[in-house]
Amino acid sequence: MANTETRMENTETRALNHTGINMSPTLTKEMLSGNALFKVGPVSSEEMAAIRTSYITLKTSVGSVPIPGTFRGFLQTGKDKLTGHNPEVLINKLGQRLAFERTGVRLYDALIMKCEADQTSPGADVISLDVLKQFRKEEAEHFELVKEVMDSIGADPTAQTPDADASAMAALGVIKVLTEPRTSFPQCLNAILAAELTDHAAWELLVELAHGMGQTKTAQRFQEALGQESKHVEQIKSWLREMTLQQATAI
């Protein structure tokens, strides 16, 4: 239990974060130059397990929550600390939603493209392009909402927070399903439903966090986004159900 608490504490600890433009604009070129990949020869499963174990036992976190890059951010952080709150948690979750909503836009872009390119495959007649485009628009609006809130509290929306990093990794599989030319419409809906269910649960938590930190107006705006996400989930589930039942009764 002590080890778990240590890892959680490290995740939320503020530190110099070089991923955001606000904190290290002069290091951008140096960061981009590190994109070259190192080639590693084949290793056995036992050797790979040993390597992974050695890293796990280090108990390091995935990134860090950046310190405020603006004077307003420092003032807001100090105010929150005085009231017994940990603003790092909210900033981390806001960064997570920002990354996930951006991914959501790309997921709907991919599904819209598939629908426009293929009107003959089973299930194509079930999905409404107009509804997909509306969902895509709302995901983009949610992204702008989170960015606006981060700016208002002095947080850097360009910084990659720990939970944003983890969410990006988790979304890779969903993106691959939606952009794979051979996947069917039901398979794509299954993938996007997984993303929408995760998104819905995360917005519920964000609403609760905002309320808990006294951000009443922000919580109300987040509640509106949650309502839209609920509609996304129900519609995707409905389409998937209809397609599946059609397949089950097809002769």
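Contact is defined as heavy atoms within 4.5 Å. The structure is a predicted model, in which local features need pLDDT of at least 70, side-chain atom pairs count only at pLDDT 80 or more, and totals for chains, interfaces and linings use all residues. Residues are numbered from 1 along each chain as its sequence is written, and side-chain values use heavy atoms, with hydrogens and water left out.

Helices are DSSP runs (H or I, at least four residues), numbered from the N terminus. Helix α6 covers residues 129-152. At 1.5 Å times one less than its number of residues, this helix of 24 residues should span 34 Å, and the 35 Å between its end C-alpha atoms agrees. Its buried residues (under 20% relative accessible area, 1.4 Å probe, protein chains only) include L132, F135, H142 and V149. E138 and E139 are also buried. The buried residues of α6 pack against α5 (87-117), α8 (185-212) and α9 (216-249). Just after α6, G154 takes a positive phi of about 80°.

A nonpolar core is a set of buried Ala, Val, Leu, Ile, Met, Phe, Trp, Tyr and Cys residues joined through side-chain atoms within 4.5 Å. The largest such core has 26 residues. L111, I127, L132, L178 and L189 touch the most other members. Elements giving two or more residues to this core are α5, α6, α7, α8 and α9. Leaving aside neighbours within four places in sequence, L111 contacts L132, L178, C188, L189 and I192. A second, separate core holds 21 residues, among them V146, V207, A219 and A225.

How values were computed: Buried means under 20% relative accessible area, exposed over 50%, partly exposed in between (1.4 Å probe, protein chains only).
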